[in-house]
Amino acid sequence: HQEDYIIKMSMLHNLSYSQIYYLKQKAGLAGKKKAKKTKKHKYNNWFEKLTLTDLKSLCRASKLAVSGTKDELCIRLCNGDLSGDYAYEYAPERFSRARFEAEMPGYGSCDELYGSSRNNNAASLPPAQQGCKRDTAYTNQQLKDLCRDKGLIVSGKRYDLVLRLLQNKSGVGGAPKRAAGTIDEETGEFQPKKRAKSMKPPNVEKLQERIFKKCFPSQEVKQKWSNNKYKYHPSECMTYMSNIIEKEIFEKELFERGEEKCAWELINVILNIITVGNEARRKEWAAEHSGRGIFMMIGGTEFELNRCSDNLKYTFLPQLVKAMKATSKKSVVAELSGKFLWAFQSRKLAEIPQWDEYDINDRSDWQNRKWGSFKEILNEFVPRKGDSSTEESDDEEEEEPQTRFFSMTKISGEPAK
């Protein structure tokens with residue numbers, strides 16, 4: 001009750017905040033005072049951030065004297081012909097009211113039409129950016145591009161990039177590390193050495209884990225997302241899956257090498273993730289709330305195709321058609337992936353009416369402009385039982401599709417409820 005007593009006494013005797021804090025401190029109720037923030041050291045240029053050894057290396061590569069104190073070396077590098085261009089780091093310029101008023105005299109009136117002596121004062125003002133950063137300086141990406149153009153290695157920190165550029169320009173201070181490649185004698189441009197294309201068959205099991213983790217991250221990860229991240233996440237996932245199909249199947253020429261089964265196993269994994277979603281999380285949620293009457297199903301376990309229509313129309317669906325055409329026989333498509341393709345069509349594409357007859361464009365042939373319905377093309381390669389142009393007859397049930405990587409629930413011809 002000591003704190004209540006101190007509050008009552010402070011109200012009775014009109015004590016100041018410092019007197020109340022003194023009484024609380026004597027009673028052992030006062031918290032520790034906040035430590036004063038240490039002021040950050042202000043650098044006048046980027047060279048002041050480096051160590052003495054680094055400065056000497058830059059001076060040596062710039063053909064400058066290496067003797068003297070650290071301040072003398074920094075001044076020498078800032079005024080050097082070769083090193084002066086790298087004296088500052090890049091940062092966008094901030095708003096300066098004094099410079100704005102000097103460059104726009106009488107803003108809001110007609111003074112700027114007739115001229116003013118205040119405009120002459122703009123050149124005498126200091127830059128809006130102070131310290132070691134300027135908006136005219138090189139960014140790290142620009143330094144990497146310079147190194148790449150000259151055939152130098154682009155790895156390392158800013159100091160490493162600047163040192164390589166200075167060594168390459170002056171020819172002093174050591175030989176810079178060069179990237180693998182050759183210089184074209186005619187153009188003088190550096191041609192990097194191309195890596196040999198990997199033809200190793202894809203590890204479908206590992207790719208399934210990566211794709212599933214990308215499409216359905218944990219709740220802890222989602223809590224850090226912004227609204228835009230939620231909005232564009234399905235589109236990013238669709239692009240990610242399309243890139244995997246292009247890289248692991250078509251670039252490795254699995255169909256040309258006769259490895260059709262491996263190619264369709266990877267496509268089936270992707271179609272299953274899109275069609276079924278995070279079924280394990282839904283079952284877990286239903287088991288937790290069973291016996292409690294009516295409950296709402298958990299969200300975020302279905303893949304939302306309506307947010308990635310462009311990726312679907314111009315990339316993913318043409319890839320599926322390309323894979324069907326690259327397979328040796330139509331019967332092979334029906335045997336390896338018929339169930340998964342029709343499940344994707346009936347559950348995902350048909351759940352939105354305007355997508356039931358979804359038109360796709362073969363972008364590889366712009367002159368002929370080949371358009372067609374994915375459902376029509378699918379019926380051509382994998383005709384459904386009964387009426388080939390409509391839904392499957394209800395008398396016969398589809399078998400449950402199985403692979404060695406996952407098991408799907410029984411698929412019906414109706415869209416998912």
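Phe316 touches Met238, Ser242, Ile245, Ile270, Leu271, Ile274, Asn311 and Phe344, leaving out residues up to four places away in sequence; contact here means heavy atoms within 4.5 Å. The model is a predicted one, in which local features need pLDDT of at least 70, side-chain atom pairs count only at pLDDT 80 or more, and totals for chains, interfaces and linings use all residues. Residues are numbered from 1 along each chain as its sequence is written, and side-chain values use heavy atoms, with hydrogens and water left out.

Together with Phe303, Met324 and Phe344, Phe316 is among the residues with the most contacts inside the largest nonpolar core, which has 45 residues. A nonpolar core is a set of buried Ala, Val, Leu, Ile, Met, Phe, Trp, Tyr and Cys residues joined through side-chain atoms within 4.5 Å. Buried means under 20% relative accessible area, exposed over 50%, and partly exposed in between, with a 1.4 Å probe and protein chains only. Two or more residues of this core come from each of helix 9 (204-215), helix 11 (227-250), helix 12 (260-276), helix 14 (309-326), helix 15 (330-349) and helix 16 (374-381). Helix 12 gives the most, with 10 residues. A second, separate core has 21 residues, including Leu50, Leu73, Cys147 and Leu165. In soluble globular proteins, nonpolar side chains tend to be buried together.

For the protein as a whole, the secondary structure comes to 16 helices and six strands. Helices (H or I, at least four residues) and strands (E, at least two) are DSSP runs, numbered from the N terminus. Of the 417 residues, 35% count as buried. Among contacts between residues at least 6 apart in sequence, 60% join residues at least 24 apart. The accessible surface comes to about 27400 Å², and carbon and sulfur atoms hold 49% of that surface; the areas come from the Shrake-Rupley method with a 1.4 Å probe, and for residues only the protein chains shown count as cover.

The side chain of Gln319 reaches the backbone oxygen of Ser242 at 3.0 Å. Neighbours within four places in sequence aside, Gln319 is in contact with Ser242, Ile245, Glu246 and Phe250. Ala326 is also found in helix 14, but counts as partly exposed at 33% relative accessibility. Ala326 touches Phe255 and Glu260, not counting residues up to four places away in sequence. The C-alpha atoms of Ala326 and Glu260 are separated by 9.0 Å, although these residues are 66 residues apart along the chain.

Elsewhere, helix 3 (residues 52-61) and helix 4 (residues 70-78) form a pair whose axes come within 10 Å and cross at roughly 35 degrees. Axes are lines fitted to C-alpha atoms, for helices over the stretch in contact, and angles run from 0 to 180 degrees between N-to-C directions. Where they meet, helix 3 brings Leu52, Leu55, Lys56, Leu58 and Cys59, and helix 4 brings Lys70, Leu73, Cys74 and Leu77. In the loop between these helices lies Lys63, which counts as exposed at 57% relative accessibility. Phi of Lys63 is near 60 degrees, a positive value in a residue other than glycine. Glu253, in the loop between helix 11 and helix 12, likewise has a positive phi, of about 55 degrees, although it is not a glycine. Glu253 counts as partly exposed, at 33% relative accessibility.

Note on methods
Polar contact = N/O pair within 3.5 Å; in protein donor to acceptor, adjacent residues only side chain to side chain.
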